[in-house]
Amino acid sequence: MVIFLKKLFNSRKSKLKNEVQIKFLKRLDRLLTNGYSLLEALNTITWDPELRPISEKIITLLKQGNTIDEAFDQTNFHTVIVSHLYFVQLNNDLQLCIRNCITMFESRNHYIQKFNQVMRYPFILLLIFLLLLLFIKNLILPSFLTLLQSSQQASQTINISLIIIDLFVTASIFCIIVLPIGFYFWQKFKRHWPIEQQLKLYNKIPFYRSIIRMQTSFQFASNMQSLLKTGLSFKEIFSEMTDQKQLPIVSYYSKLMKEHLEKGLHLPNLIDRLTMLDHQLTSFFENKTNAEELNRDLQMYAEMLLEKIEENIMKAITIVQPTFFVIIAICIVSIYVILLWPLFQLMNTM
């Protein structure tokens, strides 16, 4: 058992801190802007003791023949960064790709930090509320039950109160423990699920479905837009997007589109049936036959979609905390009523 646990923990990737990833990318971008080659820039970054292990590992991997996205992936950079670097070998625009990675990852990191700040106090409040419930259930209500044995109606109310508090405790434990653990294991093991099954599951969750749709549409438009600059045909572009493994939904949809084109069928008909792609993309492929115009429209669409995603995230963040406080307040008032109600019943029988 000890050996199994040791293997399990050793097999887990030690992800780099988001701040370290951003710092590394900014340093690399600044050096490339000043005329350094990639290897010269990486060697210069080794002057920083904090970034030296990262830079040295990337240098070693590149010298062993790995591509830049493979080197960053094996150095445990985030999927968002690795997925963008995958296309550098085709468009040869490393600096622009790194700048896009910085913009996207900084934005992502900002909203994660904002969400953590917003949820910190509700989470602490929920823990305190859970402890209060356990105290009431194990000490207060049993004392009430002993005290009010003379009143059968009050005793029944106490028993009902115990059931209700059990439900509150179960719900609180579910929110604090079960949901985070379930989400963690889902992130770990979903890669072993067929992508078709994952899409069916996402499609059944209303709010999450819209998030995945916007995210996938942005990733698809952004990746295709960067590849259109290379002059590849649609089939070649979809083939390259299929080969990348960091974005499984985009890879799966690209495979379907490639097969669709090989059969001589029209692309818009397929896009309409792909539930995790925005149907606005259909109009781009219906009206644009010129790669330059399509590239321009996809770029603008990706920027607008990114702004929309950021707006939705900010709305969700501003709504979550007050909603959580209201729920906690309702629960506290309910517990207060549960405690007082047997006393009122006892007073009525006297």
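**Notebook: salt bridges, rings and confidence**

**Entry 1, Lys-23.** I looked up Lys-23 and found it partly exposed, at 31% relative accessibility. For this label I use under 20% relative accessible area as buried, over 50% as exposed and the range in between as partly exposed, with a 1.4 Å probe and protein chains only. I note that this is a predicted model, where local features need pLDDT of at least 70, side-chain atom pairs count only at pLDDT 80 or more, and totals for chains, interfaces and linings use all residues. Residues are numbered from 1 along each chain as its sequence is written, and side-chain values use heavy atoms, with hydrogens and water left out.

I then asked how many salt bridges the structure holds. There are six, each being a side-chain nitrogen of Lys or Arg within 4 Å of a carboxyl oxygen of Asp or Glu. Side chains of opposite charge can pair when their charged atoms come close.

I followed Lys-23 to two partners. With Asp-48 it makes a salt bridge of 3.3 Å, N to O. Lys-23 sits in helix α2 (residues 18–33) and Asp-48 in the loop between α3 (38–45) and α4 (52–63), so this bridge links distant parts of the chain, 25 residues apart. Helices here are DSSP runs of H or I with at least four residues, strands are runs of E with at least two, and both are numbered from the N terminus.

The other partner of Lys-23 is Glu-50, with the closest N and O atoms 2.8 Å apart. Glu-50 belongs to the loop between α3 and α4 while Lys-23 belongs to helix α2, so the bridge ties together parts that are 27 residues apart in sequence. I find Glu-50 partly exposed, at 42% relative accessibility.

Arg-27 also reaches Asp-48 through a salt bridge, with the closest N and O atoms at 3.3 Å. Here too helix α2 is tied to the loop between α3 and α4, and the two residues are 21 apart in sequence. Arg-27 is partly exposed, with a relative accessible area of 21%, whereas Asp-48 is buried at 14%.

Which residues of α3 are buried? I list Ala-41, Leu-42, Thr-44 and Ile-45. Down the helix axis they fall within an arc of 160°, so they line one face of α3; the arc is taken from the directions from the helix axis to the C-beta atoms. Their cover includes α2 and α4.

I found eight aromatic pairs in the structure. Rings of Phe, Tyr and Trp (its six-membered ring) pair if their centres lie within 6.5 Å; planes under 30 degrees apart are stacked, over 60 edge-to-face and the rest tilted. Phe-72 and Phe-77 make a tilted pair, because their centres are 4.6 Å apart and their planes stand at 50°. Phe-72 is buried at 1% relative accessibility, and Phe-77 is buried at 1% as well. Tyr-252 and Tyr-253 form a tilted pair, 5.9 Å centre to centre with 35° between the planes. Tyr-253 is buried at 3%. I also traced a cluster in which ring pairs link Phe-24, Phe-72 and Phe-77.

I found Asn-76 in the loop between α5 (68–74) and α6 (79–85). Its phi is near 75°, a positive value in a residue other than glycine. Most residues other than glycine have a negative phi. Asn-76 is buried, with a relative accessible area of 13%.

I counted 16 helices and zero strands in the protein chain. Of its 350 residues, 39% are buried. The chain exposes about 20700 Å², and carbon and sulfur atoms supply 61% of that area. Among contacts (heavy atoms within 4.5 Å) between residues at least 6 apart in sequence, 60% join residues at least 24 apart.

I checked pLDDT last; it is the predictor's confidence in each residue, from 0 to 100. The chain has a mean of 79, and 87% of its residues reach 70 or more. Where is confidence lowest and where is it highest? The lowest is in helix α1 (residues 2–11), at a mean of 36, and the highest is in α4, at 92. Residues 1–13 have pLDDT below 50, and this stretch has four contacts in the model beyond near neighbours in sequence. Where pLDDT is low, the predicted coordinates should not be read in detail.

Technical notes: Areas by Shrake-Rupley, 256 points an atom, 1.4 Å probe, with all protein chains shown as cover.
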